[in-house]
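Here are my notes for your read-through. Please keep the structure open beside them.

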Amino acid sequence: MIEYLVCAAAFGLLLLGIHRKVIARIQMRPGPPVWQEILHALKFSFKSTWVPRTASATLFVGIVLVAIAIWSAALFVVLAGESILILIGIYMLHKIVEHGFGLSSGSPYGKFGGVRSVISAASEIPLFVTITAIYFFTGSLLLRDIVAYQAVHGPLLLIVPPAAIAMYLVILSKLPFGPFSIVESKEIVSGYKTEHFGVWRAALAVTDGLKTFVLLYAFVLIFLGALPFWLILALMTAVLVSLSFVCAITPVLSPYDSVTVQSIITGLMLAYIGYLWWVVP
Amino acid sequence: MAMKRKTVEYGLTASALIIVIAWIALTTGAIPLWAAEAVFVVAFPALVLTLGLWWRAGGGEEDFPFIGY
């Protein structure tokens, strides 16, 4: 079990490295090597570490532990084929954790990041209305039931494509350098991560690796079904590369525009679900 | 952060031991899978942090470090 956590974090960091590489190549830059994020995590773990004088020491350190813990739990939920409602609950917890990160340091940049995290939650989390569309067809929110449904009826990507697009946007919102990455955009330095350096940042990198792996793995399972593990990894990479294309050619939106765009998509999804409710027997 | 190597070692050893014990208990069937996962969820973050702190922690007898501009 512990080996799953280590491998998922390492593969997630590798995916984030590929993400940076693809963005760089599209923007005609050489970019860092694909294993750069793994090196970053190791590098930060060897750096000097302390707690800023303005920080709430307990929250500053404790929130790092919570961040790793919730995404470790998310990995076990996905591997066990449990309910995607738990996954959504963990995603919501992550927004609270981002907020905690931002407030714990006492830095204005961190606080701005934390506040933006709450703002973006208002538009990201409603995107999970997509699970209603899935439930209309599968009659269950257990991942193993969703996978079993697809084994009989084919991938949900073809049955409810708008739901897949909405989930895709949720993942896009969590990737760095994306149009919705307002919580860590550069005008607020690194947002909620600004004051967490050294070992704390290394632990945050582990969290980011786990989070990236879990979200992409869940996406492939929910919309493409059970496949050989090597193919799942290949598809996760393909989905990530497509997301990197989006990130490379779109600027980071302002917080207002980010929330507006996501809210419009949520509205469209609600209309789609209303349509499904009308036509699906 | 003023944390001595010995203090971090205790945390690192404790978290590593907890993980090993849970893993052995799982493989021998002494505890169910969900219980082992719950232990890993709690102990893994502590292991990651204490491992990083252990690499850098001093023994308490070093010179004062340069602490930035």
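**Notes on the model**

1. Start with a loop. Met28(A) sits between H1 and H2 of chain A, in the loop that joins the two. Phi of Met28(A) is near 60°, a positive value, and the residue is not a glycine. Most residues other than glycine take a negative phi. The positive angle comes just after H1(A). Is Met28(A) buried or exposed? Met28(A) has 77% relative accessibility, so it counts as exposed; the cut-off for that class is over 50%.

2. H1 of chain A covers residues 2–26, which is 25 residues. From first C-alpha to last, H1 reaches 36 Å. The span expected at 1.5 Å a residue is 36 Å, and H1 comes close to it.

3. His19(A) lies in helix H1 of chain A. Its relative accessibility is 0%, so His19(A) counts as buried.

4. His19(A) and Ser190(A) are 171 residues apart in sequence and 18 Å apart in space. Ile23(A) and Ser140(A) are 117 residues apart along the chain, with 37 Å between their C-alpha atoms. For Ala148(A) and Thr138(A), the figures are 10 residues in sequence and 9.0 Å in space.

5. Ala148(A) falls in another accessibility class. Ala148(A) is part of helix H7 of chain A, residues 143–153. At 42% relative accessibility, Ala148(A) counts as partly exposed, because that value lies between the 20% and 50% limits.

6. Now the second largest pocket. How much space lies in it? The volume is about 560 Å³. The pocket is lined by 22 residues, and those closest to its centre are Glu37(A), Pro176(A), Phe177(A), Glu184(A) and Lys193(A).

7. Which elements line this pocket? H1, H2 (36–45) and H10 (199–224) of chain A each supply at least two residues. H10(A) gives the most, with six residues. By residue class, the lining of the second largest pocket holds eight nonpolar, five polar and nine charged residues.

8. Phe213(A) and Tyr217(A) both lie in helix H10 of chain A. They are four residues apart, about one turn of the helix. Both Phe213(A) and Tyr217(A) are buried.

9. Why is the pair Phe213(A) and Tyr217(A) stacked? The ring centres are 5.5 Å apart and the planes are at 25°, so the pair is stacked; the cut-off is under 30 degrees. One aromatic cluster is formed by Phe11(A), Phe213(A), Tyr217(A) and Phe229(A).

10. Last, confidence. The mean pLDDT of chain A is 85, and 98% of the residues score at least 70. Which element of chain A has the lowest mean pLDDT? Among the elements of chain A, helix H5 (residues 108–124) has the lowest, 76, and helix H11 (residues 229–249) the highest, 92. Where pLDDT is low, the predicted coordinates should not be read in detail.

Technical notes: Residues numbered from 1 in each chain as written. Chains lettered and ligands numbered in written order. Predicted model: local features only at pLDDT ≥ 70, side-chain atom pairs only at ≥ 80, totals over all residues. Heavy atoms only, no water. Expected span 1.5 Å × (residues − 1). 1 Å grid on protein atoms, 1.4 Å probe; cavity = no way out; pocket = protein on both sides within 12 Å on 5 of 7 lines; lining within 4 Å. Points joined across faces, edges and corners; volume = space filled by probe spheres on them. Nonpolar A, V, L, I, M, F, W, Y, C, P; charged D, E, K, R; others polar. Buried < 20%, exposed > 50% of the residue type's maximum accessible area, 1.4 Å probe, protein only. pLDDT = per-residue confidence, 0-100. Phe/Tyr/Trp six-rings, centres within 6.5 Å; stacked < 30°, edge-to-face > 60°.
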